[in-house]
Every structure is written in C-alpha cells, then in structure tokens.
Amino acid sequence: MKVLLVCAGGMSTSIIMKKMRDYARTNDIDDFEVQATGVGSFRDVIDAFDVVLLGPQISYRFDEIAGVAGSKKPVGVIAPTDYALGNCQAIFKQVESLLKGE
Amino acid sequence: MANAQDKLMKALMPVATWVEKRKHLQAVKDGMIGATAFIIVGSMCLIPMALMNLIGSGPVYDFLGRINPFFLKIAGFTNDYIGLYAAYLIARSLAKRDEIDGPIIGINAVVVQLILTGFSVDGVDGAVATAYFGSQGLFVSIISGLITVDITQLFITRGWVIKLPDSVPEMVANSFSALIPVAATCGIASLITVVSQSAAGQVFPALLQTLLAPAITSMDTLPALLIVIFLTQLLWFFGLHGPSITQAVWAPFAIAYATENVAAYAAGEAATHVFTYGFYYNILQVTGSGLTLALVVFMMLSKCETYKAVGRAAIVPSLFGINEPVIFGLPIMLNPFMFVPFVLGPLVPTIIAWFAFKSGLVGMPVAVPPGFMPPGVGAFLMTYDWKAVVLVFVLLGVMAVFYYPFFKAMERETLAREKQQETEAHEA
C-alpha cells in the first residue's frame, strides 16, 4: 500500500512518515510506502499513491483534495490525538479501513 | 463555553474553506512561497558582504573581499530578477488548479512579465533596464501570472485555439494550440505597457505601485500584524492551520517586503519593512504558533504522565518551529484553559517585537534565512544582530509567564480527575 500524508508544509507529516516507516519495519509490514508532502504540491505526486491521509489542521481542504483524488482513491483525516502522538497503530488501522472502503 | 466554541467553529470553517477556494489567492500564495527558495539563496549569498560590514578590515576582510564577487553574482541574479521567477511560479500554480498546466504557460507568463517590466536603455543597443525585475516588479508578477492563465483558460474554454487533426503528433499540436493564447496574452501586455505610459504618464510597474500604495503600506503596520496573529491563533484554536490559511492574504506582501529589504541591504541602503516573511516565522511564531516552547517544557516537567509523554514527543519538533504535536496533543485545540494564553497572549509579543524593530533597538530584517531553524538562529541570520536573538528569548519568556498559570490550573484539574478515577477503580 502506498500512503500519501498531506499537511501544510510537509513538515509535521514527515514526523509521522518516519514513525510509520519504523512501525512498518518492526511489525514486518511489507509492501508499504509512505511519503509526506505539503498542501501546495500534493497534486504533483498524488497519482502514485493508493490512499491519502490529511493532517487534521488542513481538514478544511478535504473536499478539494478528495476531488482531485477521485472516487477510486480514499482520502481520510487523521484524528488530532493520533496525529500529535504519532499513534501508528491507529493510523495503520485507519489506512486499512479506508482501503477496504469503509 | 462549549456552545460559544461551537458557534465560533461553525463560523470559521466556511471562512477558511472560502479562502481556500479562491484559487487566484492560493496561486499567488503558492507562487510567492515557491519563489522564496531563490530569495533565500540570494539573501544567504550576501553573508560575505554582511561579514565584511561587521569586520571592517584585516586579513579575513580581504579574503572575503576576494570571494565576494562569486556570491554577489548569485545574489544579483536571484533577488534582482525575482519578478520573472514569481510570474512563472504563480502562473503554473494557477494553471495547475485550472488543469491547463504546462511549461509553455509558465514561460508565457515570463514573457508577459518582461513586456510589462522590461524597458530599453537609451543609447545602449540591446540593453534592458532591470530596475523593475526585482522586488519592484513583484506585484506586476502577480498580474502577469494570473492574467496569462485566465486569458489562456478563457481561450481554451471558448475554443479559440488552433486545433490540429488527431494524426498530428502531440508535441506539434500542443505548440500550435498555444499560439493564439500566447499571442493574445503578449498583445494585451504590450497594450497595457503602451496605455500606461501614454495615458497615465508612468511605466506600468510604477503606476501599479502608485495605485496599490495604500494597500502595500497598510499591511506593514502594527494593527495589521495584530489582526493576522489573532486570526492565526484563533484558527489554530479550532484545529485549523492558521498560518496556512491567513498566508493567502499576507504572505505576498511579507515576501515582497523581505525582497525589498534584501535589495536595499545589498545596495547599502536602509531596510524599511518590519513585517517580512522571516519576521513572522523567526520572531512572532518562533517554536511554532503561539511561541509554545515554554509550554512544552512545562509539560515535560509535569507530574501528569500524559502531559510528560506529549511534551517529550513535542520538544524536538518545537525547536524547529513545528508545534502540531502540542496543539493536538495537550491539546491546545478547543481547550478552554488555553484560550486566553494561546489566542490572546501572543498579541503581547507581537507588540513588543514590533516596537523593538521599529525603534531601531533590533536591526531590521535584511536577509531571508531558510525556515524551521532553532530559536534565535533564524532571527540572527535574518538581522545579523545578536539583539534579535535576545528578543526571541524575551518573547519566549513572556509567553512562558502567560502559559504557566493556565497550564498549572489545567494540570491540577487533570491530576485531581485522575486521582478520582483511581480511587473509583480501587473501590470498584
């Protein structure tokens, strides 16, 4: 699964990105790619990803980003506490349920 | 309290979404911020010159004098030509949103910008006056970038483009379909140039400056800053990215101010603007919106385990200006205890910083450093004045005083609640 994390500048999501990579490694999750990007440049890279997760602070851009993603690519907003603490367990669960179409 | 918060939130969300939907605003913001990469490089290339000013003489001075031309050449072609680059970036940013993006439209915007800001030099064949290529032409680049895309978009939707049959290779077809929009945009730019000079007696960049003067000057004032900071903090309080949303309005000005200051500095003149892009991020919002470093430290030292954990997770990002972990982790967001220190508190550092700079106590922002630097580093690189570093820590201290009582009150309540839960669990 290829996950795209989007926040304002790509900075705070890059913290989550590192945590997710570590989590995937320790939990033997193969076939996992993650990238963090800012809201100004997500259009350039979104095509390469299966699912898009937004930082809660840009939740107001959900409609716009979901529009660009299209109906085949799920977009979700990470919950504030999960985002703050980098709760990878919860975030991975969110990715899985988004990919399942829930 | 919850009801008032609900009402405020319901009022703020549509505003935030409305600002985001103004694609022209967003394109200008994205384009200008993209251009800062070049402004930063150019500005940092003035460091040898700055060091020479500080040292004054001696062997190090002589050495710097020898390598300076190498750096000045870079500074000259970044900052002094920024109007051209901004026009390109703004155009492509808007074109992306209109789904007509491509290199041609970017170059088209540069051509338009050149027509609007480039003038021949009397008596020198082939020379072009570059006076308006730099910060003086930045507001023209906004126009160049936007009208290039808007006109092209209009022509495409109306079908006023040369369409070649499908059998023609795509590259050829694209260059033909670009012909009419390119000709139209350049024609309009040329017309503007001519009309400006004949009807208004001023070259277009100067005319634009005159027309925009009230708007340009009113942004670099304390009231404007207070409004910007207040809105930034209020938006964050509702979990929305304050700087990102408000930037649509103030970033183009702040970047233009910064560019002007750098150009003045390079020319040995006085910098005149306080509210630069760097001022906002390295002074007013150092360690994150609301200058939350002290709060993070309080959390790390707290008796409450959750606060300790969040504090530890938040400290390193905070040192680099990223405080989402605190805003969402403490949380500051929608937390009544934090409303006064976080939303209203930062207005005080804003006032202090403004007067510190305006009075000349601290040197003006003369450089544009890279973002996300540790507290004090950015401030020094921006002003070449150690007093700016002192100011940063004074401001952090002021916010520490604001956060402390509210944090302690919140901590007391949390600890009491946890204790009660413990006793209930024991009794159960």
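Contact means heavy atoms within 4.5 Å. The model treated in these exercises is predicted: local features need pLDDT of at least 70, side-chain atom pairs count only at pLDDT 80 or more, and totals for chains, interfaces and linings use all residues. Residues are numbered from 1 along each chain as its sequence is written, chains are lettered from A in the order in which they are written, and side-chain values use heavy atoms, without hydrogens and water.

**Exercise 1. Describe the interface of chain A and chain B by its residues, its buried area and its salt bridge.**

Step 1. Chain A contributes 18 residues to the contact, and chain B contributes 23 residues.

Step 2. About 1,800 Å² is buried between chain A and chain B, with 66% of it on carbon and sulfur atoms. Buried area is the accessible area (1.4 Å probe) that two parts lose on being put together, summed over both.

Step 3. One salt bridge is found across this interface, the rule being a side-chain nitrogen of Lys or Arg within 4 Å of a carboxyl oxygen of Asp or Glu. B:Lys96 forms a salt bridge with A:Asp44, and their closest N and O atoms are 3.2 Å apart.

**Exercise 2. Determine how α10(B) is oriented to α17(B), and which residues meet.**

Step 1. Helices (H or I, at least four residues) are DSSP runs, as are strands (E, at least two), numbered from the N terminus. Axes are lines fitted to C-alpha atoms, for helices over the stretch in contact, and angles run from 0 to 180 degrees between N-to-C directions.

Step 2. The axes of α10 (residues 222-237) and α17 (residues 347-358), both of chain B, come within 10 Å and cross at roughly 150 degrees. α10(B) is therefore roughly antiparallel to α17(B), since angles under 35 degrees count as roughly parallel, over 145 as roughly antiparallel, 65 to 115 as roughly perpendicular and the rest as oblique.

Step 3. From α10(B), B:Leu222, B:Leu225, B:Leu226, B:Ile229 and B:Phe230 meet B:Leu347, B:Thr350, B:Ile351, B:Trp354 and B:Phe355 of α17(B). By class, this contact has nine nonpolar, one polar and no charged residues; Ala, Val, Leu, Ile, Met, Phe, Trp, Tyr, Cys and Pro count as nonpolar, Asp, Glu, Lys and Arg as charged, and the others, Gly among them, as polar.

**Exercise 3. Determine how α11(B) and α12(B) are oriented to each other, and classify their contact.**

Step 1. The axes of α11(B) and α12 (residues 277-284) of chain B come within 7 Å and cross at roughly 120 degrees. α11(B) and α12(B) are therefore oblique to each other.

Step 2. B:Tyr277, B:Tyr280 and B:Tyr281 represent α12(B) in the contact, and the residues of α11(B) include B:Trp250 and B:Ile255. By class, the contact of α11(B) with α12(B) has nine nonpolar, two polar and no charged residues.

**Exercise 4. Locate the cis peptide bond of B:Pro331.**

Step 1. The cis peptide bond joins B:Leu330 and B:Pro331, with omega about -10 degrees.

Step 2. B:Pro331 lies in the loop between α15 (324-329) and α16 (336-344) of chain B.
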